[in-house]
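Me: I am new to this structure and would like a close look at a single part of it. Please take your time over the answer.

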Amino acid sequence: MATNSSLTSGALASGGQHHVTDIQRLASEGLTAYFGSAAAIRGITLGVPDRSVTAIIGPSGCGKSTFLRCLNRMHETIQGARVDGRVVLTARDGKALDIYAKSANPIAVRKHIGMVFQRPTPFPTMSIRDNVAAGLKVTANGASTPRRTDEIVERALRRAALWEEVKDRLRTSAVALSGGQQQRLCIARALATEPEVILLDEPTASLDPISTQRIEELLHELEGEMTIVVVTHNMQQAARVSSRTAFFLNGELIETAPTRQLFTSPSDSRTEAYITGRFG
Amino acid sequence: MSEGDGAAVIANGDDAPRPLRIVGSAIADRVYTWVLTAFALCIPALLLLLVIALGLAGWPAFRRFGFAFLTSSTWNPVAGIYGAAPAIYGTVVTSIIALIVATPLGVGVALFLSDLAPRRVRQPVAFLVDLLAAIPSVVYGLWGIFVLLPFLRETLMPFLRDTLGLGGTVFFSGPAYGPSMLAAGLILAVMVLPYISAISREVLLAVPRSQREAALALGATRWEMIRGAVIPYAKSGIIGGIILGLGRALGETMAVTMLIGNRHEISASLLAPGYTMASLIANEFAEASSDLHLSALMAVGLTLFVITMIVNGIARWLVWQVGRTGSGRP
């Protein structure tokens, strides 16, 4: 679905696994995030390449989720939390914007940078269809007619590889779905608003192996058309789904490299220690 | 004891200690069951006895007046004619006023405390609202007589009737004495407010943070988050809180008796005095000299009880409906 860019069409055709473009869709610069006076991450400068999957790995408490939550200004919704530094979002038209600029509105930022959480978070009172359409209601480019909404919902569900399973019960409650289906529903909900970037915070941590595999396949399919950042504590998952991996430790970015390189010849001894299972 | 020995004992069944211990614990279990069942049965039994007593005592009045007891507006102990329609009407109207005023206020306060208020404001405000429930009914009544009624008579009622021009409608016509269904409804609103707000607050606080974050991550504003994710999730609990408030409003006696004006009359105007079932009983039980009068009061009591039961039944059904069409927790 390379709509308005020819830059990546070659990479798209090849499945996108190893393509690297120069465009950084999202880039943090000296990002430090606090809970109260304690810094959870310090001075993170990390670029996320366009239309690819970037994985963030690291042991529990290393700040990888906090970093992710800074990328769409969710971190600051926690009381006492604040952020220093810049995160530059490069829009499809090439315009670069700092999402932490004074003039930036966090609500507008979140409309362009979608997020999927560790546990599936369907809205329990809404039907499957309404769950997917939930984000459309609050975005200006949302659907004007029920029919248009139906089209968007179908497209999002197809992209999330859920359509075939739910097309006959779109009006039923979303909580009747299995955990894995709920998570794909949340991915569809995030896709429906056509965000520039999607952030996934350990999206398979609460799922069984089969559901995990489906989500990983889905990420693989979306690579090349979406810019995705996925936090995972599962190194094999990072190796399977991402083209680029960043390793966090104790609130700092230790190393970032193409995934294959990071897992086969890491340049930092701490990265090597982690991926060979000496800690974490 | 080795495993082999144990198996032999069970197989032979002639070693006393083990089977005896099993029998002993079964008896204890049965005793527990019976005692707890007896406790549990006490409550429905009490309820049943209450209904039977009210029914028996009220039966002469029901037999004498039939259905007219519920529909007639004449309540004349001297002539021995009893019709409870004004009291039923007043009970329902004052409770509705109370809910109309207290529901948005109570849910609003709860939302403020759960989602908007800074952390250090929350506890004090929540405490103050809860404190409203601790004030005795008669104190509300006293406050109502000396503060609320003058305010209504001199400010609010003329304002509603004349300034806003609502006097043209039947609901706000007629003279403004002060004691009225409006006054009783407003005092009830203050009294049920803490119930609605405390339960709504608990329910809203129980909405998982993940639901709020899911909405925020979609680019929802705070209000869109509250309306789209928080309130739907908490809806059945909020309705439960409103119903609890309604139950209290229907049965509240003292403050209402002091403010409603105690007149057997059905008037569409909220500025007019009226009566409620509870205040009717409270006012007349001491002077009920004839058997029929007493029986009529008992019948009013039974009617109030039945209406409260019906309201609670509807409420249960509502909560169940809401729960069924959605807020099943994921």
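Me: How many of the residues of strand β9 (residues 244-249) of chain A are buried?

Reply: This is a predicted model, in which local features need pLDDT of at least 70 and side-chain atom pairs count only at pLDDT 80 or more, while totals for chains, interfaces and linings use all residues. Residues are numbered from 1 along each chain as its sequence is written, and chains are lettered from A, and ligands numbered from 1, in the order in which they are written.

Strand β9 of chain A is mostly covered, with six of its six residues buried; a residue is buried if 20 or more other C-beta atoms, placed from the backbone, lie within 10 Å of its own. Strands here are DSSP runs (E, at least two residues), numbered from the N terminus. In a regular strand the side chains alternate between the two faces of the sheet.

As for its neighbours, two strands pair if DSSP finds at least two bridges between them. Strand β3 (residues 53-57) of chain A runs parallel to β9(A) and is joined to it by four bridges, and Ile57(A) has Phe247(A) as its bridge partner in β9(A). Strand β10 (residues 252-258) of chain A pairs with β9(A) in the antiparallel sense over six bridges, and here the bridge partner of Phe247(A) is Glu255(A). β9(A) and β10(A) form a hairpin with two residues between them, and Asn250(A), in the turn, has a positive phi of about 50 degrees.

Key
Buried ≥ 20, exposed ≤ 12 C-beta atoms within 10 Å, placed from the backbone.
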